[in-house]
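Look at the sequence and the model before reading on.

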Amino acid sequence: MFRILTFNNISVKGLERFPRDHFETSSDIAHPDAIMLRSHKLQESEVADTVLAVGRAGAGVNNIPVEAMSRRGVPVFNAPGANANAVKELTIAGLFLAARNICQAWDFARALEGSDQQINAEVEAGKKRFTGFELPGRTLGVIGLGAIGVEVANAAMALGMKVVGYDPQITVHRAWQLSSQVEQAHSVDELMSRADVVTIHAPLNEATRGLINGSRLAAAHPGLTVLNFARSEVVDEQAILEALDRDHLRAYICDFPSNALKGRGNVIALPHLGASTVESQENCAVMVADQLREYLETGNIRNA
Ligand code: MLT
């Protein structure tokens, strides 16, 4: 019998991949053989000596002490690509929210008071104040051309946008596959200087922490919009706020609320909803459960 300690609400579809006759899954197991989690920030001290593997039902593994696990010979499984459609859809929604000032306009319309005649007069003011921009012909800079970045690039091109991508990890073969549609920038700076909107789809690591900083923002077109559905730490939030204050940045749309971002008219900060769809949670849980099961039963590592 293998015992799997679970954190967070792991989709039932994933848990069902463990046959009951030789797996037990529970959020209350003292000496588990494996751990399966979603967003819980796992401390090394929570990983009992009995643990043989850790599975993250999501793409990023920055909430897991990966180095410590490697030292202990404990593989960490994740679900790359399983949430790509969900994150793409929210990113494209963010693009529309920004381009058409939808949240600000909705706040404005919701607060309108008085007779219908008075409201109509205000509507005229709103039409002027919330004039947006259209997407065809605009350039989207995509930082990170993994599963999510490529889905976002394809959706943006279908909307008529030009796409410039940057990913230092991309293989020559993948770059060649994408080359007819996604022009590759040679650096983040080049991408920033060419884009009207930048969207980040890179993992958080030491190379990407603070990637979007003050000097990169300063080199961007005035009126740039930044979308961040990756990790908050990939941008220097203070630099973002300063660029917004100078009106150099048009809007910052992200998936990470914070006190500093609160109440800002040109910021939309969602509560980390990128992967929060029924389908994505099922896909992630199933992908990770299958890997954990295979590893526990056979020792085979499908993806780590
Ligand atoms: C991910 O890395 O895939 C997301 O952070 C998943 C989640 O929100 O749980």
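Five bridges join strand E10 (residues 224–228) to strand E11 (residues 249–254), and the two strands run parallel. This is a predicted model: local features need pLDDT of at least 70, side-chain atom pairs count only at pLDDT 80 or more, and totals for chains, interfaces and linings use all residues. Residues are numbered from 1 along each chain as its sequence is written. Helices (H or I, at least four residues) and strands (E, at least two) are DSSP runs, numbered from the N terminus.

**Seven-stranded sheet**

- Leu-224 stands opposite Leu-249 in E11.
- E10 and E11 belong to an open sheet of seven strands, with parallel pairing and the order E8-E7-E6-E9-E10-E11-E12. Two strands pair if DSSP finds at least two bridges between them.
- Strand E8 (183–184) and strand E12 (267–269) stand at the edges. Each has a single partner strand, so one side of each is left without a neighbour in the sheet.
- H6 packs on this sheet and touches strand E6 (139–143), strand E7 (162–166) and strand E9 (197–200). Two residues are in contact if their C-beta atoms, placed from the backbone, lie within 7 Å.
- The direction of H6 makes about 165 degrees with that of E7. Axes are lines fitted to C-alpha atoms, for helices over the stretch in contact, and angles run from 0 to 180 degrees between N-to-C directions.

**Helix pair H3 and H6**

- Helix H3 (residues 84–99) and helix H6 (residues 147–158) pack at an angle of about 45 degrees, with their axes 9 Å apart.
- That angle makes H3 oblique to H6. Angles under 35 degrees count as roughly parallel, over 145 as roughly antiparallel, 65 to 115 as roughly perpendicular and the rest as oblique.
- From H3, the contact uses Ala-84, Asn-85, Val-87, Lys-88, Thr-91 and Ile-92. From H6, it uses Ala-147, Ile-148, Glu-151, Val-152 and Ala-155.
- The residues of this contact divide into seven nonpolar, two polar and two charged. Ala, Val, Leu, Ile, Met, Phe, Trp, Tyr, Cys and Pro count as nonpolar, Asp, Glu, Lys and Arg as charged, and the others, Gly among them, as polar.

**Five-stranded sheet**

- A second topic is the open sheet of five strands, with parallel pairing and the order E2-E1-E3-E4-E5.
- Strand E2 (23–26) and strand E5 (76–77) stand at its edges. Each has a single partner strand, so one side of each lacks a neighbour in the sheet.
- Strand E1 (residues 2–6) runs parallel to E2, and four bridges join them.
- In E2, Ser-26 is the bridge partner of Leu-5, and Thr-25 is that of Ile-4.
- E1 also pairs with E3 in the parallel sense, over three bridges. There, Leu-5 stands opposite Ile-35.

**Domains**

- The protein is divided into domain 1 (2–82 + 278–298) and domain 2 (84–269). The bounds come from an automatic or database domain assignment.
- The domain centres, taken over C-alpha atoms, are 32 Å apart.
- Six residues of domain 1 are in contact with seven residues of domain 2.
- On the domain 1 side, the touching residues divide into one nonpolar, four polar and one charged.
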